[in-house]
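Visitor: I would like to learn how to read a structure like the one below. Please take the features in turn, general idea before particular case.

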Amino acid sequence: MLCDECGKVKATVHLTEIINDQITKLNLCEVCAKQKGSDVEQHFGIADLLAALSDVESEPPAQGGVPASKNKCAQCGLTYEDFKKVGRLGCGECYTAFRASLVPLLKRIHGSNQHLGKSPSPSSIKELKLSTKIHEELEAAKQDLLKAVKKEEFEEAAALRDKIKFLEKKIREAKV
Amino acid sequence: MKVDHLLRQTCEWLRGTGPNSDIVMSSRVRLARNLEKMPFSHWATKKQEKETLENLEGAVLEADLMRGSLCTRMSELDDIDKQFLLERHLISREHVVHPEFKSVVIGDKEVVNIMINEEDHLRVQVMQSGFNLQEGWRIANRVDDSLHKKIKFAFHPDWGYLTACPTNTGTGLRASVMLHLPSLVMTKQINRVLQAITKLGMTARGLYGEGTEAEGNFFQISNQITLGSAEEDIIDNLERIIRQVIGHEENARKTIMKQSREMLLDKICRSNGTLKSAHVMSTKEMMGLLSMVRLGVDMGLITDIDRRAVNELFILTQPAHLQKIEGRVLNSQQRDAKRANLIRRRLEGR
């Protein structure tokens, strides 16, 4: 088979491209394939790279036995699977929802997972820290509740239910 | 059309002034910001996108340095106008391809411009001519400070500003410098330099950003890492590396002058001659020739043309710019003729 581009040299590289559901097959010689290389690279997007990076870390199962990939962000509904497909998160809250998988990913990308730069004004930072803490506490309590129910520890579950109610009320009141 | 007046002004980054402007064309600083509690643009419903757009257009137009700016919705522009803004580096390709619920706000002299509903809700971009990242950051920070007074941004104490793509998380800062490196290309040192830059956590790209060729010997170098360092440190780091690259290009220029002065003069003067007499000129051919003329001007070998005129030609001769100058749609053949004509007139100082 000869190269589709130059028609002179034997094709050694076989390329399948899918653009808008249209499949095109290209048979190229090494020289033409190299020239076409830059086009090909562009189709290999950031989503693939991020997916590869996040797969390197063994995915820690979320507390309560649900695999992290099935986790859903409570605010926007994006799943970790969605993120791996598109390479973009759904909203700011996703960072907390997928914390377990995102922290190692951020570390891999940036070599750090601790922000050191500019912040919103000090008063709003304080508010934020409080807000983040409450949200994280709430998330943990919900997971613990699931575990307690599973183990049929109903006294523990009742206490957790009250804690969740209290935290939710606090969030509503403070609108944080 | 709304954007027509831009055609009559020289954008800040083409002025050809500022530190090291013989090698550095321009410096750019951009910040990515998102609204708290609102899904990022790609994940938002149409209703949410519309709400974000309307809220942010108002807030942006009231921000410091942005009052009286030109605000235009992408969906209201025709294809040539969109391409025109892209060629001027005022919008991204994403803004051209998916124009729904997107706006761009363009400040005075095109120094600050803000894209709304790009990958992130806000992309604040500051352009400066020459090697001037510090000033770019100072201006971007000022606009950002004033936006903070009106808007609650998505932020986490550990991870900083939260962005749609985790590669921008933290400072949301991308600083980049456009370098003209013809001598490193001619002496075949460029790949070594670019490889070293990549190893140091920086990225190198062509004139029109991601995935574009380094036409006209222009290279855009920017920071890759946005989390874990303060903005000033990110910029300082990039500056140190750029200074090294500038030094290498200066040395390469000196070496060529010393070892093959005649060859260099020949290359530069032939390029100048072709540009001054050609009647048909493709963008690709022009980029190579104009790069040589710019080198001639920067090295003092051509004295009857100024740097700003050369810089402007790089942009005025792009397809959408030519069509706007002519006021009509031109096919590729017509454009090549118009391009040659424009270059001849400009280089002859007419």
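Guide: Start with contacts: two residues are in contact if their C-beta atoms, placed from the backbone, lie within 7 Å. Keep in mind that this is a predicted model.

Visitor: Which residues is A:Cys94 in contact with, leaving aside its neighbours within four places in sequence?

Guide: A:Cys73, A:Cys76, A:Leu78 and A:Leu89.

Visitor: How do I read a nonpolar core, and which residues have the most contacts inside the largest one?

Guide: In soluble globular proteins, nonpolar side chains tend to be buried together. Here the largest nonpolar core holds 87 residues, and A:Cys94 and B:Leu179 are those with the most contacts inside it. Another core, of 20 residues, lies apart from it; B:Val297, B:Val310, B:Leu313 and B:Phe314 are among its members.

Visitor: How many helices and strands does chain A have?

Guide: Seven helices and two strands. Along the sequence the pattern reads β-β-α-α-α-α-α-α-α. Of the 176 residues in chain A, 19% are buried. Take the contacts in chain A between residues at least 6 apart in sequence: 39% of these join residues at least 24 apart.

Visitor: What should I look for in the backbone angles?

Guide: Most residues other than glycine have a negative phi, and most peptide bonds are trans. B:Phe101 has a positive phi, near 55 degrees. The place of B:Phe101 is the loop between helix 3 (93-97) and strand 3 (103-106) of chain B. B:Glu110 also has a positive value, with phi near 60 degrees, and sits in the loop between strand 3 and strand 4 (112-116) of chain B.

Visitor: Is B:Phe101 buried or exposed, and why does B:Glu110 count as it does?

Guide: B:Phe101 is buried, because 21 other C-beta atoms lie within 10 Å. B:Glu110 counts as buried because it has 20 C-beta neighbours inside 10 Å, and the cut-off for buried is 20 or more.

Methods: Residues are numbered from 1 along each chain as its sequence is written. Chains are lettered from A and ligands numbered from 1 in the order in which they are written. This is a predicted model: local features need pLDDT of at least 70, side-chain atom pairs count only at pLDDT 80 or more; totals for chains, interfaces and linings use all residues. Helices (H or I, at least four residues) and strands (E, at least two) are DSSP runs, numbered from the N terminus. A residue is buried if 20 or more other C-beta atoms lie within 10 Å of its own, exposed if 12 or fewer, and partly exposed in between; C-beta atoms are placed from the backbone. A nonpolar core is a set of buried Ala, Val, Leu, Ile, Met, Phe, Trp, Tyr and Cys residues joined through C-beta atoms within 7 Å.
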